[in-house]
Amino acid sequence: MSVKLKKLALMAAALTLMSTQSAWSEYRIALMPFGLPEYMSTFVNEIEQHPLVKDGTVKITVLDGRFDASVQSNQMDTLITQRVDAIIFSPIDSEAATAPVARAAAAGIPVIGAVTKANSDQMFAYIGTNDVDGGRIIAERMASELKGAGNVVILEGPIGNSPQLLRREGIDGVLAKNPELKLLASKTANWSRAEGLAVMENWLSLYGDAVNGVIAENDEMALGAIQAIEGKGLDTAKVKVVAIDGIQDGIRAVKSHGLFTLFKSAHHEGQGALDLALRAVVGESYEPKADIWQGDMTWAGGTAKQYDVPWIEITPANADKFLKK
């Protein structure tokens, strides 16, 4: 072989090696949020800000579930066909999610749960807040605000969505311990501000000023309720409203409308989920890159089945710390 041919052969080998190394160093991770309301949009954005996404090591695909379990099921089949490396799944319906997760597991694709749960033992791991505790905390706050007696209504998330089920469990536990807190009505408003407004307007027409408190399972619905309350000329200093999520408008309402809410960290849930997805793909040699593991979260080698993200109570005193500049 001539010197020139040898050089060409070496160059070709080097290019092949570089291509192989590049393929090894790039991972395709799919995100399956149940929908893209403000919190879930923030969750996706946090994943996109993960160091390994920003440097190109991880390629992200986002599939909007549009609040529809059948859409999510079809999306899971598409991702299995595409042979993505891992899937971060936030199902709209915990029971309906069981079969899609099983299909991914059978195909050898790890699924990481985040924000909302699937009723499945085939997930690689789950990261999110303890929603039973969240429901308990906001209901206890309502009991405290009303001094243990009064009439309340509950705005719920989409029926069958794990936060709806678990937050309601926590709320009901507190109501059972406070028999003088009377539940007038409960209804889903599907995590929607507009639906929260409509449901609350209807309740105010039915019950008037007999409503003393609103327990909303998320901020969007709470903000709709506040709009309805004030639209009827009532005062949120008298009709108490409590909620969960700590979205930006919710935090502002803590300062201006007397809302009590719990902050749920999309940064922790999003970037933690991506680290767990990479741990599932790379193996035990993977070292997490998100800063959450340097503070109030414990990595535990990436082998735990559940990672609990802490709740933070938002008050007028600390609200500014959580508002984006």
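Which residues form one aromatic cluster? Tyr286, Trp293, Trp299 and Tyr307 do, and the views below begin with them. This is a predicted model, in which local features need pLDDT of at least 70 and side-chain atom pairs count only at pLDDT 80 or more, while totals for chains, interfaces and linings use all residues. Residues are numbered from 1 along each chain as its sequence is written, and side-chain values use heavy atoms, with hydrogens and water left out.

**View 1. The aromatic cluster around Trp293 and Tyr307.** The structure holds five aromatic pairs (rings of Phe, Tyr and Trp, the last by its six-membered ring, with centres within 6.5 Å; planes under 30 degrees apart count as stacked, over 60 as edge-to-face and the rest as tilted). Trp293 and Trp299 pair edge-to-face, at 4.9 Å centre to centre and with 70 degrees between the planes. Trp293 also forms an edge-to-face pair with Tyr307, at 5.6 Å and 80 degrees, and this pair links distant parts of the chain, since Trp293 is in the loop between helix H11 (266-282) and strand E11 (306-309), whereas Tyr307 is in strand E11, 14 residues apart. Helices (H or I, at least four residues) and strands (E, at least two) are DSSP runs, numbered from the N terminus. Trp293 counts as buried because its relative accessibility is 11%, and Tyr307 is buried with a relative accessible area of 4%; buried means under 20% relative accessible area, exposed over 50% and partly exposed in between, with a 1.4 Å probe and protein chains only.

**View 2. Strand E1 and its parallel partners.** Five of the six residues of strand E1 (residues 27-32) are buried, so E1 is largely enclosed by the rest of the structure. Five bridges join E1 to the parallel strand E2 (residues 58-62), where Ile60 is the bridge partner of Ile29; two strands pair if DSSP finds at least two bridges between them. Four bridges join E1 to strand E3 (residues 86-89), also parallel, and Met32 stands opposite Phe89 there.

**View 3. Helix H10 and its surroundings.** In helix H10 (residues 248-256), Gln248, Gly250, Ile251, Ala253 and Val254 are buried. The buried residues of H10 pack (contact means heavy atoms within 4.5 Å) against several elements, including helix H2 (38-48), helix H9 (219-231) and strand E10 (260-263). Following H10 comes Gly258, whose phi is positive, near 75 degrees.
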